[in-house]
Structures are given as C-alpha cells and as structure tokens.
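Try each task before reading its solution.

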Amino acid sequence: MKYIAALTLCLAWATCVQAGASLKDARKEWLEGNYAEAREMYETLAKDAETRHAATLGLSRAWESQGEYDKAQNVIEVLIKGEPKDADLLARQAELHHLRGRFEEAEKTAQAALKADPEHFLGHWVLGQIFRDQGQIDKADEEFVWFIRKSNKVDITDPDELRLVGLAGLERARYRHLTDQYQTIIDDYFNAAFAKNKLYWPAEYEVGRVFMDKHNRPAAFKAFERAMTINPLAAEVLTCKGQMAASIMEFKDAEKYANQALRVNPRYVPALCLLADVHWFTNEMDATLKTLDKARAVNPRDESVLARFAASKFVLKKNDEFQALVKEARKNNPKCYTFYTDLAGLLEQRKLNLEAEKYYDLAVEMQPKFPEALTGLGMLYMRGGKEAGARKILEKAYDADKFNVRVFNSLMVLDHLDKYETLKTEHFTLRFDKKNDTVLANFMAIYLEDIYKELADQFDYHPKGPYLIEIFKQHQMFSGRVVAVPDLHTIGACTGPMVAMVSPRDTSKVTKLFNWNRVIRHELVHVFNL
C-alpha cells in the first residue's frame, strides 16, 4: 500500500507540475529536445484562453521537430479559423507550406500575414525564401534587405528575430559578395541571440552552418558541439555533423548521424538526402531511390532531392526519366541553381567529370553571382590537373566568397606550385621543388615510364596523357592540393589525371620512412583505372 500511495503521490505531483507549467517552461523543454514533454505542456496551455495563441505556435513547432508536419499545420489551422487575420498564425502557416514545397499557398499566406502586420519578421523571411526558391532573386533580395533596414532602426532583442535578421544577412552576403559581413553576422546576430537566451541552440547551429559551408571544419564542429550540449536530439545539428563526415568520405559516421537524426524526425529532408548520399556512395541504388521517395513525399519541389533523383536516373541510363526530372526542376524554378550544382557534384563523385563540368557550367550560367558552383567547377579542374583553368575559376569564386577555406587554400597551393620546376617525359609532367627534390624527380621520371609500359601491356590500354605528377615538399601543401584542407592522413593520392605525393624528405608531418616507388606505382594503377 505504501508503494501505491507513493506512486499516486508522484503522479499527482507530476500532474500539478504539468498544470502549473508556463510558456517559458514549455519552450525550455522544447529547446532542450524534450519534445514530447514540451508538447504535453503546450497542449495544456492551449486550453487556457490567455496562453492559447502562444501555446499553439509552440505546439506546432514541437510537432515539427518530430516530423509531424500535418499535425503542426492542423493546430495552426484550427486556431486561425477564429483569428483569420492574426499575422503570427498566418506567417507560421506560410512557413509550413514552404517546408512542404507548396509555394503558391505559402506566398498567398505570407502576403496575408504582411497585410495584417507589415513589420512581421517571419512573414518577410518566408516570402523572401519563396521568391529565392522560384529564381526571383531580386524580389527575394528586397525582402532580405528589409531585415537590414529594420535592424538599423530598432534594437532587436528577441532571439528568433535576431536569427532571422542573421539569415537574411547571409542571403544578401552571398548574393552581393559581401564576404566581409559573415563574421559580423555571426557576432551581431547569432551570437547576440544566444547571449539573450543561453538555451537558444538554433543560434549555435546557424554559426556552425556558416563555418561548415565555408569548409572551416574546426569552427563548425565547435559550434555544433555547443548546440548539442543543449539539445542532443536536434535533427538539424545531427544532420550537419553527418554532412561534414560525408564531405571527407567518412560515410560510416555520415550514416550514423543520418540515422540518429531520422530517429528524431523521420521526415527531415536534409537527413534523408544525407542517407541517400551514403547509399549513393556504396552504389546501393535501390536504397538510394527508396530514401529519396520519402524525401520527395515531404517536399516534391526540393531541388536537392530532385538532383539526387536525376543523378540516380543518369547513372542507371534511364534518360527519359532523367530529362523529365530536369524539366520538372526547371518548371519549379527557371533558375534551378541548387539542382544543377548538386547534380554536378554527385556525378563528379562517380568520376563522370565531363558531365559534371557541363552541369556546373549551367549552374554558373543561371546564377553567376553565387559562389558554390564556381567553387565546385574550380575544384573539378584542380582534380583534373587543369591548373591554369582552375586558377581563373577559383579567383572568381574567391571574389564571390573570401570566407571559403577550400578556395583560399587551393589558390595558396597554386601560388606554391608556381615556384616548382617542371620535368616532362613522354607520358608525364612532373612538378617538384628544385632545391628539395631534383634527384627524386629525375629518378621518378625514368621509373614512371617503366611502370607505364608495364601497366599498359598488362591492361592492354595505352592512355595518351600527359599525366600530372606533383611532388610536394610539405605535407600541408599536398593535403591542400588533394582535398583543399590540411588534414589528409595519407602520403599519396590520385584524382584521375593527377597524382600528388609527399616528398620523402618532408619530416614535418611524415615521421616514418616510406618507399616512394611503391607509392607512385600504387597511384599510377589508379590513373589507369580511373
């Protein structure tokens, strides 16, 4: 009886706590990733006329965090029937329409929100995103600049509003090449939002995303870790950590993070795209397409999803279906820049370099001011050994985005290579540091031709070349040449027509002796295969 009484007392206490919960308590639970608890609190608070409005908005976000998008929208629609001109409810409804790719409904509802309140932050943000995703960049820019003007007029203290100003600033920085603004945006808006509320992990998430997009992995990792300290179940952060893992070919970690995110939100489109990328890398095409089907069911207009479908149909040689997807993407957005950029990157992974170059070029043609496709094309040229062409493209990418670590590093490597000597043989062009590796380069030139003859006879294949062989006196420059960041844990690499290798004389990073002729033979086999 004592145990039953104690249990009854505990349940009664929990009920009292639930009944006495405030909006602040519910939001705290939501920010900390206790989504079910937050939902229960919001549902209780929504029964009270005084807290119904704010609680319904909170409840909608709690449902969204777990992928219950229909329920997230339903609770808004129920309340909006009685308050049809409420700007908060209309803007939230528009946000959910945009999330599902329902652009027409989203635009109509966002406009209604701004008619009710011309100064509504979320209304302007959603409308800007809709214009952006339909290729109306100038109209989108008008919405984004509204945030900058607003922040110059009033002191913004709400963390959600500070975050939206920061996001709008990022859009303008990207479009207007205001690369000196990135750190300012981080400090003045995202960090300021976090300072207002130490539980506001979305601010740290946005900081991490900025650094991740610019390939500053250490800074991105720190920001994501700070966010996960507050909310270990943030699907958004888990997905970004997986995307960082995938970017350096650590696909086991990428799959782990994707699955963790999907356990929290089974319908989170970026996590589904990440899992599809894992299957794509391992050539599990059925699994790739099944995963993309789930993402497309959420948002049939998402360009990243359509690009992955198109890449899959391309490699499966289903040209009619591929062309239909291209047509669909262009119908949704006549300037479907993200579609072509993602498509090019996926095809490049399969070493379909000519096709990748074609789609990077199309992306650049559609949005010449955006840096991502320029960066992708420049890196493609680097991997293809087309260094002169790469420099021209990467300089344009650098002008568009000086914050990008990989672009900066690649240009630094090209400047480093300008000081190297060149030695040409029948099938190879060797680049090397004259003071450090002249003897090695002369020996290697002879050895390369010997290996070439041996492999050509073995494979019954005589590629013309010339193939670029670069011997780097410093491991840091070798790593920068291959992956454009300084932490590649190997001493030789082949990207197709180009082989890079660390000089055996570099003792700064290479602490163990290695047999250079075994390394170069191994990489030359890759040249023939690729």
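A crossing of two helices is left-handed if the near helix is turned anticlockwise from the far one by less than a right angle, and right-handed if clockwise. The model is predicted, so local features need pLDDT of at least 70 and side-chain atom pairs count only at pLDDT 80 or more, while totals for chains, interfaces and linings use all residues. Residues are numbered from 1 along each chain as its sequence is written, and side-chain values use heavy atoms, with hydrogens and water left out.

**Exercise 1.** Describe how helix α20 packs against helix α21.

Solution. 
- Step 1: find the helices. Helices (H or I, at least four residues) and strands (E, at least two) are DSSP runs, numbered from the N terminus. Here α20 covers residues 337-349 and α21 covers residues 353-366.
- Step 2: take the geometry. Axes are lines fitted to C-alpha atoms, for helices over the stretch in contact, and angles run from 0 to 180 degrees between N-to-C directions. The axes of α20 and α21 lie 8 Å apart, at an angle of about 160°.
- Step 3: name the arrangement. Because of this angle, α20 is roughly antiparallel to α21. Angles under 35 degrees count as roughly parallel, over 145 as roughly antiparallel, 65 to 115 as roughly perpendicular and the rest as oblique.
- Step 4: The crossing of α20 with α21 is left-handed.
- Step 5: list the contact (heavy atoms within 4.5 Å). From α20 come Y337, Y340, T341, L343, A344, G345, L347 and E348, and they meet N353, E355, A356, Y359, Y360, L362, A363 and M366 of α21.
- Step 6: sort by class. Ala, Val, Leu, Ile, Met, Phe, Trp, Tyr, Cys and Pro count as nonpolar, Asp, Glu, Lys and Arg as charged, and the others, Gly among them, as polar. The α20 and α21 contact has eleven nonpolar, three polar and two charged residues.

**Exercise 2.** At what angle do α20 and α22 cross, and which residues touch?

Solution. 
- Step 1: the axes of α20 and α22 (residues 372-383) come within 10 Å and cross at roughly 20°.
- Step 2: the two helices are therefore roughly parallel to each other.
- Step 3: Y337, T341 and E348 of α20 touch E372, A373, G376, L380 and R383 of α22.
- Step 4: by class, this contact of α20 with α22 has three nonpolar, two polar and three charged residues.

**Exercise 3.** Which residues line the largest cavity?

Solution. 
- Step 1: on a 1 Å grid over the protein atoms alone, a cavity is a set of points where a 1.4 Å probe fits but cannot get out, and lining residues have an atom within 4 Å of a point.
- Step 2: the lining consists of R132, I137, A140, D141, F144, E171, Y175 and F370.
- Step 3: five lining residues are nonpolar, none is polar and three are charged.

**Exercise 4.** Where are K317 and P466 found?

Solution. 
- Step 1: K317 sits in the loop between α18 (303-315) and α19 (319-332). Its phi is positive, near 60°.
- Step 2: P466 sits in the loop between α25 (434-459) and β3 (467-472). The peptide bond from G465 to P466 is cis, with omega near 0°.
- Step 3: compare with the general rule. Most residues other than glycine have a negative phi, and most peptide bonds are trans.

How values were computed:
On a 1 Å grid over the protein atoms alone, a cavity is a set of points where a 1.4 Å probe fits but cannot get out, and a pocket is an open set with protein on both sides within 12 Å along at least five of seven lines; lining residues have an atom within 4 Å of a point.
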